[in-house]
Amino acid sequence: MNKKKIILTVLFLIVCGGGTTAYSIIQHNEKVHAQEIVQQKLEVQLKKEKDALKTAETAVEIAYQSRETKDIELANQAIEKLSNNQSKDKETLTTKITKLNSFIKQIDELKTALAKAEKSKSDTDIKDVQNYLDSMTNDYLKEDKETAIKNLDNLKASIKEEKARLEAEKEVNEKAVAEASAQQQIVNETQFQEEQETPNQQSYNESPQQNYQQPAQTYQEPVPSGGGTASNEATQQENNHVNSNSPALYAPGNNSEINHDNGIYGNEAPNGHVMEPGGW
């Protein structure tokens, strides 16, 4: 082989080797660019997911703070927007919302039970409130539990005060009734003793005094002695009858008051006759 052929062969080999190197460079560049695009897309996706997770977590926190129905609904919507790559985060936040609903239910039931106990003031309703308080063990319910305990303690204190007041009023009323009863007993006994010590006084009705009527004067001629025994006895009976109807005339001391001029009741008979005992 002459020098000319050798030179041409070398040149050919040089040209072929350079092309292969250039092609390899081009392929590498394209691969790197594709990888860069994938990485950019991945970074965008990760940023999107990160923002969505932050939004969901914030919504859940707001719901826990406000306990409003609308905020709970917004939190649920934010959780639903999480991607499949965030399934674990999605499950965690969903569980939090479920617990929140349970906490709110406990709080509402406690408030209802406490309001019922404050109205009825019964031991059964107060015991129900205490049972609800015992079941509230989560730290999230700490403030609600402390507030309810204070309200329950105030209720118990007011019931105790009311009971003491009623018992005091009852004692005062019973004492007043007993004193009134004792006082009335004393009055009754006093009246009974007075009635026993006071004699029965019979009412005395004085008979009306009879008007005096002067008896009619009767004069009989003297009967001779020895022949007028029967006539004298009749006259004596008549005089006795007249005298018995006029007891005042023969009362002691009346003789001094009799007028002798009429000759009726004195010792002297009319017309100078002398009245004998038993008539004239």
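**View 1. Sequence separation of contacts across the protein chain.** Among contacts in the protein chain that link residues at least 6 apart in sequence, 53% join residues at least 24 apart. The model shown here, as in the other views, is predicted. Its secondary structure comes to six helices and zero strands, and the elements, followed from the N terminus on, run α-α-α-α-α-α.

**View 2. Burial and accessible surface of the protein chain.** Of the 280 residues in the protein chain, 18% count as buried. The accessible surface of the protein chain comes to about 22,900 Å², and carbon and sulfur atoms contribute 52% of this area.

**View 3. Packing geometry of helices α2 and α3.** Two packed helices are described by the distance between their axes together with the angle between those axes. For helix α2 (residues 69-80) and helix α3 (residues 87-120), the axes come within 9 Å and cross at roughly 165°. Because angles over 145 degrees count as roughly antiparallel, this crossing makes α2 roughly antiparallel to α3. The crossing in which α2 passes α3 is left-handed.

**View 4. Residues in the contact of α2 with α3.** On the α2 side, the contact is made by I72, A75, N76, I79 and E80, which meet K90, L93, T94, I97, L100, N101 and I104 in α3. Sorted by class, the residues in this contact of α2 with α3 are seven nonpolar, three polar and two charged.

How values were computed:
Residues numbered from 1 in each chain as written. Predicted model: local features only at pLDDT ≥ 70, side-chain atom pairs only at ≥ 80, totals over all residues. Heavy atoms only, no water. Axes fitted to C-alpha atoms, helices over the stretch in contact; angles between N-to-C directions. Helix = DSSP H or I, 4+ residues; strand = E, 2+ residues; numbered from the N terminus. Parallel < 35°, antiparallel > 145°, perpendicular 65-115°, else oblique. Left-handed = near helix turned anticlockwise from the far one by under 90°. Contact = heavy atoms within 4.5 Å. Nonpolar A, V, L, I, M, F, W, Y, C, P; charged D, E, K, R; others polar. Buried < 20%, exposed > 50% of the residue type's maximum accessible area, 1.4 Å probe, protein only. Areas by Shrake-Rupley, 256 points an atom, 1.4 Å probe, with all protein chains shown as cover.
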